[in-house]
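I opened this model to look up its helices, its sheet and its nonpolar cores. My notes are below.

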Amino acid sequence: MPHAIRVHAHGGPEVLQWEAVAASEPGPGEVLIRQTAIGLNFIDVYERTGLYPGALPIGLGREAAGVVEALGPRVRGLKPGDRVAYVSSQPGAYAQERVVAADRVVKVPDGVSDRLAAAALLKGLTAWFLVRRTHRVARGDAVVVHAAAGGVGLILAQWANHLGARVIGVVGSESKAEVARTHGCQHVLLLGRDDLPARVRELSGGEGARVVYDSVGKDTFVASLDCLRPLGLMVSYGNASGPVPPIAPLDLARRGSLFLTRPTLFHYTARRADLERAARELFGVIGSGAVRIEIGQCYALQDVAQAHRDLEARRTIGSTVLIP
Ligand SMILES: NC(=O)c1ccc[n+]([C@@H]2O[C@H](COP(=O)([O-])OP(=O)(O)OC[C@H]3O[C@@H](n4cnc5c(N)ncnc54)[C@H](OP(=O)(O)O)[C@@H]3O)[C@@H](O)[C@H]2O)c1
């Protein structure tokens, strides 16, 4: 019988339970995937704790790679045996097999392993919308990337650098600073040690940043606003340190008519054509070597509680992959 991780009550990593689950049949427009590698993402923590609430019991996990086992009716463009990966708007990827909507599935190119695909897809599509859609990063842009040695951060910094930006990374430790420096960051600042607004201003010729990509949330939000030049763009796309409290529009005016957005991947890839374009561009920058995907750590899916502890304690670097 296939197994999966289930959550019956929101809470700490101890609520993650390894259970036998009934095998499922793909319905119309769906495929059954035998999963070989699962991506760990911070959103899994928010769903485990209930910061993003869901009706219990729930599965967790938004992305995986594997092999198509069976097709439901009216699925085109896929066949049993295809190597695929997906990002789902519904949790449930922490499983040995899973039924997903075929229109959320992309084929994995030759030369990209299942583990690499699981490490790259959700985080890489996020980096894609951040540098190509939310703001089209252009040559010479001064760009701040928080958690620059993290899963999304490492990809985002390299992609922005590839597009010609001056990338200023922010990390939590010296060892992470070294990783960020070799993955797209021209400058790296230490959270808790450096005065972020003052240093960003210095590093951007006195102007301030064109855009700040902030995934840390509560602890960095105000400093991030203060890093921006007038008419700069604040992209608050995560809450690793906790959700950002409400702010007054006048706080944006006072700092120089700033723009503020709080985007999520699922809106940017809701249309199949956007998902295909994003995946094509992502696999393109991986294939050309412009973006290297770093799998900092792997865990057996059954040990996912430890993976969550490490992610929340800021002990992980780059992407984390779970093996079912
Ligand atoms: N909006 C979207 O569509 C979208 C999509 C994907 C991911 N995200 C967000 O992007 C962020 C990164 O996701 P990820 O999976 O790649 O995780 P990650 O960046 O690998 O891990 C989180 C990192 O945040 C930093 N951090 C700072 N303060 C923290 C705190 N109090 N607790 C925990 N971490 C803290 C740590 O780096 P340092 O030690 O270097 O400070 C930590 O390693 C998350 O906030 C996630 O929600 C958003």
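The entries that follow start with how I read the model and go on to one helix, the cores and the sheet.

I worked from a predicted model, in which local features need pLDDT of at least 70, side-chain atom pairs count only at pLDDT 80 or more, and totals for chains, interfaces and linings use all residues. I numbered residues from 1 along each chain as its sequence is written, and side-chain values use heavy atoms, with hydrogens and water left out.

Ten of its 12 residues are buried, so H3 is largely enclosed by the rest of the structure; buried means under 20% relative accessible area with a 1.4 Å probe, protein chains only. Among the buried residues I noted Leu156 and Trp159. Just after H3, I found Gly164 with a positive phi of about 100°.

I then turned to the largest nonpolar core, which has 57 residues, and Leu156 and Trp159 are among those that touch the most other members. A nonpolar core is a set of buried Ala, Val, Leu, Ile, Met, Phe, Trp, Tyr and Cys residues joined through side-chain atoms within 4.5 Å. Helix H2 (residues 114–134) gives the largest share, 12 residues. Apart from this core lies another, of 29 residues, including Leu16 and Ile58.

Last, I checked the open sheet, where 3 strands run in the order E2-E1-E4 with antiparallel pairing; strands are DSSP runs of E with at least two residues, and two pair if DSSP finds at least two bridges between them. In E4, Ile58 is the bridge partner of Val7.

Conventions:
Helix = DSSP H or I, 4+ residues; strand = E, 2+ residues; numbered from the N terminus. Buried < 20%, exposed > 50% of the residue type's maximum accessible area, 1.4 Å probe, protein only.
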